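The sequence and structure come first.

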Amino acid sequence: MIGLMDFILPQASTSATQVDFLIELIFVIVGVWFILAEGVLFYLIFRFRKKEGVKAQYITGEKHEENKWVHIPHNLILVFDVIIIIFAIKIWYGVKQHLPAPDETIRVIGQQWAWTFVHPGKDKILGTDDDVAKVDELRLKVGTTYHFQLTSKDVLHSFSIPAFRLKQDAIPGRIITGWFKPTKTGEYDFQCAEICGIGHGIMQAKVFVENEADHNKWLEGQKEHIVLPDFFPAAPMNPTIAAAPN
Ligand SMILES: [Cu+2]
C-alpha cells in the first residue's frame with residue numbers, strides 16, 4: 001500500500017505483501033485516529049486554558065451529551081475493527097489455511113542447533129537419489145510455489161524467514177506442511193524463532209532466492225548428494241512418547 005514495510009524489511013514473498021498490507025492498514029487507521037484525538041486534545045487544552053475570573057468545572061461524563069463524545073468515536077472505531085478483521089481472516093486463510101498447488105516441495109528439519117534443508121534435486125521429486133541436503137543453506141528459485149514439510153529431531157524450533165513474513169513452529173514427531181512463494185531474488189536471513197536451548201541464538205541459516213539459471217547452475221555443482229536417513233514419514237523420535245498409550 002504505502003511501501004513502508006518493504007522499506008523496513010524487503011518483501012520477498014507473496015505472503016509478505018499481504019501480511020504487510022494488514023500492518024499498513026492498521027497503521028493508517030490508528031494513525032488517523034491518533035492525529036485526530038491528539039489534535040482535539042491539544043485544541044481543548046489551548047481553548048480552555050486558565051483564564052482570569054473563570055472557574056474550573058468538574059465534569060463526571062454521566063450526561064448523554066457528555067458521554068456521546070465517547071460513544072460516537074467508539075462506534076466508528078468498531079466499523080474500522082470490522083474492516084481489519086475481514087482483511088485479517090482473508091489473508092490468514094490464504095497464508096496459513098490453504099495450500100496452493102506446489103511447483104516443488106522441500107523438507108526442513110530443525111535440530112539443536114542447525115537446520116537441514118532437503119531440496120528435491122533435478123527430478124523435482126523428494127526421496128530420490130538426487131536429493132540435495134544442505135545444512136543452514138536453503139536455495140530457492142524465484143517465482144516458484146514451494147511446499148515445505150517441516151519437522152524437528154529433538155525439541156521445538158521455529159522456521160522463520162522474516163523477509164517472507166513466514167513463521168511456523170517445528171514439532172518433533174510431527175510433519176507440518178506449509179507453503180510460500182519467493183518473489184524477489186536475494187539473500188535473506190533465516191532464524192530459529194523458538195527458544196530451543198543454549199545455541200538458539202546461533203541457530204540461523206541463509207536463504208538464497210535465485211533466478212532459474214543461477215539455481216540450475218548451483219544444482220549442477222552439487223556433485224555429492226547427501227542422502228539423509230528417512231525422516232519422512234517420521235519414525236517416532238521420542239521412544240517414551242511413542243510407547244505411551246494414546
Ligand atoms: Cu531452534
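## Largest cavity

Glu104, Ile106, His119, Pro120, Gly121, Arg139, His215, Trp218 and Leu219 form the lining of the largest cavity. The model is a predicted one. The volume of this largest cavity is about 30 Å³, and the count of cavities of 30 Å³ or more comes to one.

Two elements, strand S1 (104-111) and helix H4 (212-220), each contribute at least two residues to the lining of the largest cavity. H4 gives the largest share, with three residues. Sorted by class, the lining of this cavity consists of four nonpolar, three polar and two charged residues.

## Largest pocket

The largest pocket has a volume of about 800 Å³. Its lining is made up of 18 residues. Val40, Leu44, Phe48, Ile59 and Trp69 are the lining residues that lie nearest the centre of the pocket.

Helix H2 (14-47) and helix H3 (64-96) each provide at least two residues of the lining of the largest pocket. The largest share comes from H2, which supplies five residues. In terms of class, 13 residues of the pocket lining are nonpolar, four are charged and one is polar.

## Copper site

Four side-chain atoms coordinate the copper ion: ND1 of His157, SG of Cys192, SG of Cys196 and SD of Met203. Along the chain, the donors of the copper ion follow the spacing H-x34-C-x3-C-x6-M. His157 belongs to strand S6 (residues 157-161), whereas Cys196 sits in the loop between strand S9 (186-191) and strand S10 (204-210), so this pair ties together parts that are 39 residues apart in sequence.

The angles among the four donor atoms are 91 to 125°, and the site of the copper ion is tetrahedral. That assignment follows because four donors count as tetrahedral when all angles lie between 85 and 135 degrees. For reference, the ideal angle for four tetrahedral donors is 109.5 degrees.

Are His157 and Cys196 buried or exposed? His157 has a relative accessible area of 0% and is buried. Cys196, with a relative accessible area of 5%, is buried as well. Both residues are classed this way because buried means under 20% relative accessible area.

Notes:
Residues numbered from 1 in each chain as written. Predicted model: local features only at pLDDT ≥ 70, side-chain atom pairs only at ≥ 80, totals over all residues. Heavy atoms only, no water. 1 Å grid on protein atoms, 1.4 Å probe; cavity = no way out; pocket = protein on both sides within 12 Å on 5 of 7 lines; lining within 4 Å. Points joined across faces, edges and corners; volume = space filled by probe spheres on them. Helix = DSSP H or I, 4+ residues; strand = E, 2+ residues; numbered from the N terminus. Nonpolar A, V, L, I, M, F, W, Y, C, P; charged D, E, K, R; others polar. Donors = N, O, S within 2.8 Å, 3.2 Å for Na, K, Ca; no water. Tetrahedral: all angles 85-135°; square planar, octahedral: opposite > 155°, others 65-115°. Buried < 20%, exposed > 50% of the residue type's maximum accessible area, 1.4 Å probe, protein only.
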